[in-house]
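Please open the model in your viewer and keep the selection tool at hand.

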Amino acid sequence: MVESTRDPLPDVLDPHEVGAERAADFRFPDRAAKHWVLSSIIWLTVVDLFGLVLATEFVSPEAFGGISWLTFSRIRPSHVNGVILAWLTMMYFGALFYMLPRLVGARSMWSERLGVITAWAWNVMFLLGVIFLLTGHSQGREYGEFIWPIDIALLVIWCANIVNILATVAIRTIKPIYVAVWFFVASRCGSQPTMRSAM
């Protein structure tokens, strides 16, 4: 009896192989998510350095020899706003831009380009805000120290992200909306960017 050298064809395809082939054909660009998440990680490093300066000033108040832009009253708001706006908010938008297309069955965000532009704009906005804080320009309100032009820039960028989020939900291919998507929309579109309005 002669054995065939050919492998027999399987009756059923391996689901893991089918999933891998489908995943290779259906890649998400995630450009906006990458920009927001990487920016968040970089800013986390910077605001941690601000925290280190604050801790050093607690132990040795004269450690920096009275350099005006390293005084406690200028470093602390830079650190606090950095944690809220540069690290946490940017990480949240990055995670949202990563998960939302997958949850609504879209190929990508409604506009990956808009997501990248807003990420760069947010970075510039926050950098300018910190520069103004370190040079002594502040509104003097807790969690609302940035000067008003920075506040307006923050609001414009926030609204552009809201448009991108709602438009992505609008182009969904999965008709029932997951609870997580409702939470995303409510937390980003229904909340204030900061606590400034309550002050």
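At what angle do helix 4 and helix 5 pack, and how far apart are their axes? Before answering, note that this is a predicted model, in which local features need pLDDT of at least 70 and side-chain atom pairs count only at pLDDT 80 or more, while totals for chains, interfaces and linings use all residues. Residues are numbered from 1 along each chain as its sequence is written, and side-chain values use heavy atoms, leaving out hydrogens and water.

**First stop: two helices**

Select helix 4 (residues 112-134) and helix 5, which is residues 148-170. Helices here are DSSP runs of H or I with at least four residues, numbered from the N terminus. The two pack at an angle of about 160°, with their axes 10 Å apart; axes are lines fitted to C-alpha atoms over the stretch in contact, and angles run from 0 to 180 degrees between N-to-C directions. Helix 4 is therefore roughly antiparallel to helix 5, a term for angles over 145 degrees.

Now display the side chains. Contact means heavy atoms within 4.5 Å.

**Second stop: aromatic rings**

The structure holds 9 aromatic pairs. Rings of Phe, Tyr and Trp (its six-membered ring) pair if their centres lie within 6.5 Å; planes under 30 degrees apart are stacked, over 60 edge-to-face, and the rest tilted.

Select Phe93 and Phe97, a tilted pair at 5.9 Å centre to centre with 35° between the planes. Because they are 4 residues apart in helix 3 (residues 72-104), about one helical turn separates them. Phe93 is buried, with a relative accessible area of 0%; buried means under 20%, with a 1.4 Å probe and protein chains only. Phe97 is buried as well, at 1%.

Phe93 and Trp158 form an edge-to-face pair, 5.3 Å centre to centre and 75° between the planes. This pair links distant parts of the chain, helix 3 and helix 5, 65 residues apart.

**Last stop: a loop**

Which residues does Ser108 touch? Select Ser108 in the loop between helix 3 and helix 4. Ser108 counts as buried at 17% relative accessibility. Not counting residues up to four places away in sequence, Ser108 touches Pro29, Pro101 and Thr168.

Conventions
Buried means under 20% relative accessible area, exposed over 50%, partly exposed in between (1.4 Å probe, protein chains only). Angles under 35 degrees count as roughly parallel, over 145 as roughly antiparallel, 65 to 115 as roughly perpendicular and the rest as oblique.
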